[in-house]
Amino acid sequence: MSLHNKTVICLLDDEFEDLELWYPVYRVREAGATVLYAGPEKGKKHIGKYGVPAVADLSFDEVNSADIAGILVPGGWAPDKLRRYPKVLQLVQELDAAGKPIGQICHAGWVLISAKILNGRKVTSTPGIRDDMENAGAEWFDEAVVVDGNLISARRPPDLPPYAKAFVDALEQQA
């Protein structure tokens with residue numbers, strides 16, 4: 001278990017894309033890291049687009065970026081809600097400044113756009129938000145996974161295997 005001393009946060013709100021939340025979480029856990037869900041309210045159950053629930057282990061306000069190794073942002077419609085929380089944007093900005101892995105897939109790019117960390121970065125996302133990503137200053141690629149430093153991005157569920165592997169690899173490369 002190469003990541004046994006690392007904790008990763010997965011952001012949580014209603015209508016997350018079920019596979020884009022659960023698949024990377026399980027892969028990171030399989031590699032030995034602890035993954036905790038952070039949502040607007042500790043203990044609140046959130047339902048994915050296809051009905052699979054997840055419960056917030058922590059509230060956003062309880063998360064300290066210095067205590068975590070990385071962050072996962074699932075897609076679906078949750079990112080449109082997540083980007084409205086100042087603490088979420090602060091966490092993403094702090095993790096980016098510290099060079100810690102930030103994983104985003106599909107519509108999760110909206111959170112990074114609102115955190116204003118995409119200018120000059122290479123990314124991918126669902127093609128539906130390509131214009132949003134480019135308007136935020138990113139260079140967009142139609143590839144399964146794009147890694148630009150600490151930023152790991154993917155397009156959609158079929159890209160989950162290489163996306164999760166790239167995120168685990170980024171965690172392993174941390175000092």
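1. Let's start with the cysteines. The sulfur of C106 lies 14 Å from the closest cysteine sulfur, which belongs to C10, and that is too far for a bond. A disulfide is a pair of cysteine sulfur atoms within 2.5 Å. By that rule the structure holds 0 disulfides, and C10 is in no disulfide, with the nearest cysteine sulfur, in C106, 14 Å away.

2. A word on what you are looking at. This is a predicted model, in which local features need pLDDT of at least 70 and side-chain atom pairs count only at pLDDT 80 or more, while totals for chains, interfaces and linings use all residues. Residues are numbered from 1 along each chain as its sequence is written, and side-chain values use heavy atoms, with hydrogens and water left out.

3. Now find the sheet. It is an open sheet of 7 strands in the order β5-β2-β1-β6-β7-β11-β10, with mixed pairing. Its edge strands are β5 and β10 (145-148), each pairing on one side only. Helices (H or I, at least four residues) and strands (E, at least two) are DSSP runs, numbered from the N terminus. Two strands count as paired if DSSP finds at least two bridges between them. Strands of a sheet pair through backbone hydrogen bonds, either parallel or antiparallel.

4. Follow one side of the sheet strand by strand. Strand β1 (residues 7-11) runs parallel to strand β2 (residues 34-39), and 5 bridges join them. Which residue of β2 is the bridge partner of L11? That partner is A38. A38 also stands opposite L58 in β5, where 2 bridges join β2 to the parallel strand β5 (residues 58-59). Elsewhere in the sheet, 3 bridges join β6 to β7, and these two strands run parallel. There, V73 stands opposite Q104 in β7.

5. Together, β1, helix α1 (residues 18-30) and β2 make a right-handed β-α-β unit. Right-handed means that, with the strands pointing away from the viewer, the path from the first strand over the helix to the second runs clockwise. Among the buried residues of α1 are L21, W22, P24 and V25. The buried residues of this helix pack against β1, β2, β4 (53-55), β6, β7 (102-105) and α6.

6. Next, look at L171, which is found in helix α6. How buried is L171? Its relative accessible area is 0%. L171 touches L3, K6, V8, V28, A69, G70 and P101, not counting residues up to four places away in sequence. Such a contact means heavy atoms within 4.5 Å.

7. Finally, the charged pairs. Side chains of opposite charge can pair when their charged atoms come close. A salt bridge here is a side-chain nitrogen of Lys or Arg within 4 Å of a carboxyl oxygen of Asp or Glu, and the count comes to 11 salt bridges. One of them joins E62 and K42, with the closest N and O atoms 4.0 Å apart. E62 lies in the loop between β5 and β6 (70-73) and K42 in the loop between β2 and β3 (45-47), so this pair ties together parts that are 20 residues apart in sequence. E62 counts as partly exposed, at 41% relative accessibility.

8. Two further salt bridges sit inside helices. R130 and E134 meet at 3.0 Å, N to O, and both lie in helix α5 (residues 130-135), 4 residues apart, about one turn of the helix. R130 is partly exposed at 36%, and E134 is partly exposed at 32%. D169 and K165 meet at 2.8 Å, N to O; both lie in helix α6 (residues 160-173), 4 residues apart, about one turn of the helix. D169 is partly exposed at 24% and K165 is partly exposed at 45%. Salt bridges that share partners also join D80, R83 and R84 into one network.

Note on methods: Buried < 20%, exposed > 50% of the residue type's maximum accessible area, 1.4 Å probe, protein only.
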